[in-house]
Amino acid sequence: MHGVINPATEDVIASVAFASVEETDEAIARAHEALPSWRDMAPGERADLLRRFAAVVRAHEDDLASLEITNSGHTVGNARAEAQLVAKTMDYYAGGPERLFGKQIPVPGGVDVTFHEPVGVVGVIVPWNFPMTIAAWGFVPALAAGCTVVVKPAELTPLTAMALGEYAIEAGLPPGVLTVLPGAGPVVGQRFVDHPQVRKVVFTGSTAVGKQVMAGCAQQVKRVTLELGGKSANIVFADADVEKAAATAPYGVFDNAGQDCCARSRILVQRTAYDRFMELLEPAVKGVQVGDPRDPATEMGPLISRQQHERVASYVPADARVAFAGSCPSGPGFWFPPTVLQGSADDRSFREEIFGPVVTVVPFEDEADAVRMANDTVYGLSGSIWTRDVGRALRVSRAVEAGALSVNSHSSVRYWTPFGGFKESGLGRELGPDALESFTETKNVFISAD
Ligand code: NAD
């Protein structure tokens, strides 16, 4: 049994049995057995079951939120929004089964049609930072497309995904259609990669493990979606609403204590607005409410683990150029204050994903300089652009190599728009109208008119 810890108190809150390779193989076999009846179910019936699943999740919103608060240290506001997002994702993709259209393509001598066939059993591997939403972004469109699914939550945060597995049964999904298997990455996750009956792996996590998953999947030419790390830029031009850019910048990076793949952890500010921006940023950062995640006034909770705390602290050594920092509780819990570093583009804190509440601010000269600095990274997930000049907003949005950008805002992920990364931030897209098809193979059939 593995102890699950509340990161705000360091108390053990649950014990979870981790699946072995044999148990993983049994779950994959059940998913494979459940596939024909799920795939062949009338589309409207599969849609109804997904709607019922959404209703059960809504009925358990409080339970899911409270699990995420105690297991992951998410603030109560975030945890509730995440439970609602899971239900909304289910409702959105419940519209999928009846709309999984193929094409009719004109050909001589007959009729040519395409079908979107479900790929088969899908394995979803989930990180610890957004345990229930990231699980759902993988398994919901897969189920809608007619696939059966095995899910492996992160070792540190299995509780909400395990609850979702139980709600699937409560909603009436047939046994074997969705199975949640808590376990170790190199055991259960690796088995999803190696087992020939798993036909697609959806992996969200670090770029290092993502590369191993991709290499493993290549052995069987297994389909793979990768959602990996990020080092996103928040670019503030001097012609922007600098007050608003500074007031919102902390929330673009410190949400979920900076443990967000989309965290805008590099702030690039045009030199002529730099001093003014820093002057405005200081009270905004010091105003971030860090504390008990159960308190509705709290805006930022703890880091997930002691190990993560040590990792984040390594980016703020004694001689770090700290411009200013917020405050956080002392005592038990993995607390770290929101911290702003002044730096240069060569700094380790500016180049590596920190996954904590630490942001580095660096000045730039002009538009070309901003784009060059924003793109000078192996990552390409997200980013923000602040300017009042529409032409510049368009030019820079097109020039920044990242999959999910926002202008004059730090918009988060929406279930109805595509999400994913350029370069080493990932491969493929989740969510939005096209995610459904990523769980299918296109089959072309020619029917002769003879
Ligand atoms: P991680 O790579 O350590 O683990 C992710 C998952 O992979 C866990 O479930 C883990 O058990 C599993 N795993 C570990 N070894 C494995 C193996 N050999 N085979 C198969 N599975 C294995 O990542 P993490 O520390 O849990 O999460 C943080 C990382 O996730 C950050 O880099 C962050 O940027 C990234 N992330 C990306 C997105 C995105 O959408 N792009 C979203 C959230 C998090």
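Guide: Leu156 sits in the loop between β6 (148-152) and α6 (159-171). Bear in mind that this is a predicted model.

Visitor: Why does Leu156 count as partly exposed?

Guide: Its relative accessibility is 38%. Buried means under 20% and exposed means over 50%. Leu156 therefore counts as partly exposed.

Visitor: Is Leu431 buried or exposed, and how do you know?

Guide: Leu431 has 1% relative accessibility, so it counts as buried. The cut-off for that word is under 20%. Leu431 belongs to the loop between β17 and β18 (440-448).

Visitor: What is noted about the phi of Leu431?

Guide: Phi is near 60° there, a positive value in a residue other than glycine. Asn408 also has a positive phi, near 55°, and is not glycine either. Asn408 lies in the loop between β16 (404-407) and β17 (426-427).

Visitor: Why is Asn408 called partly exposed?

Guide: Asn408 has 32% relative accessibility.

Visitor: What makes α3 oblique to α4?

Guide: The axes of helix α3 (residues 61-72) and helix α4 (residues 76-94) cross at roughly 130° and come within 8 Å. That angle makes α3 oblique to α4. Roughly perpendicular covers 65 to 115 degrees, and roughly antiparallel begins over 145. The crossing of α3 and α4 is right-handed.

Visitor: How do you know that Asp48 and Arg51 form a salt bridge?

Guide: Their side chains meet at 3.2 Å, N to O. The rule asks for a side-chain nitrogen of Lys or Arg within 4 Å of a carboxyl oxygen of Asp or Glu, so the pair qualifies. Asp48 and Arg51 both lie in helix α2 (residues 43-59), three residues apart, about one turn of the helix. Asp48 is partly exposed at 41%, and Arg51 is partly exposed at 37%.

Visitor: What makes Lys211 and Glu424 a salt bridge?

Guide: The closest N and O atoms of Lys211 and Glu424 are 3.0 Å apart, and the limit is within 4 Å. Lys211 lies in helix α8 (residues 207-218) and Glu424 in the loop between β16 and β17, so the pair ties together parts that are 213 residues apart in sequence. Lys211 is partly exposed at 46% relative accessibility, and Glu424 is partly exposed at 30%.

Visitor: Why is the pair of Arg271 and Glu365 said to tie parts together?

Guide: The side chains of Arg271 and Glu365 meet in a salt bridge of 2.7 Å, N to O. Arg271 is in helix α10 (residues 271-286), while Glu365 is in the loop between β14 (358-364) and α13 (367-375), so the pair joins parts 94 residues apart in sequence.

Visitor: How many salt bridges does the rule give?

Guide: The count comes to 23. A network of salt bridges links Asp239, Glu367, Arg392 and Arg395.

Visitor: Which residues form a nonpolar patch on the surface?

Guide: Ile105, Val107 and Phe446 form the patch, with about 230 Å² of accessible area together. Ile105 is in strand β3 (residues 104-105).

Methods:
Residues numbered from 1 in each chain as written. Predicted model: local features only at pLDDT ≥ 70, side-chain atom pairs only at ≥ 80, totals over all residues. Heavy atoms only, no water. Patch = residues over 30% accessible without salt bridge, like charges linked within 9 Å, V, L, I, M, F, W, Y side chains within 5 Å. Areas by Shrake-Rupley, 256 points an atom, 1.4 Å probe, with all protein chains shown as cover. Helix = DSSP H or I, 4+ residues; strand = E, 2+ residues; numbered from the N terminus. Axes fitted to C-alpha atoms, helices over the stretch in contact; angles between N-to-C directions. Parallel < 35°, antiparallel > 145°, perpendicular 65-115°, else oblique. Left-handed = near helix turned anticlockwise from the far one by under 90°. Buried < 20%, exposed > 50% of the residue type's maximum accessible area, 1.4 Å probe, protein only.
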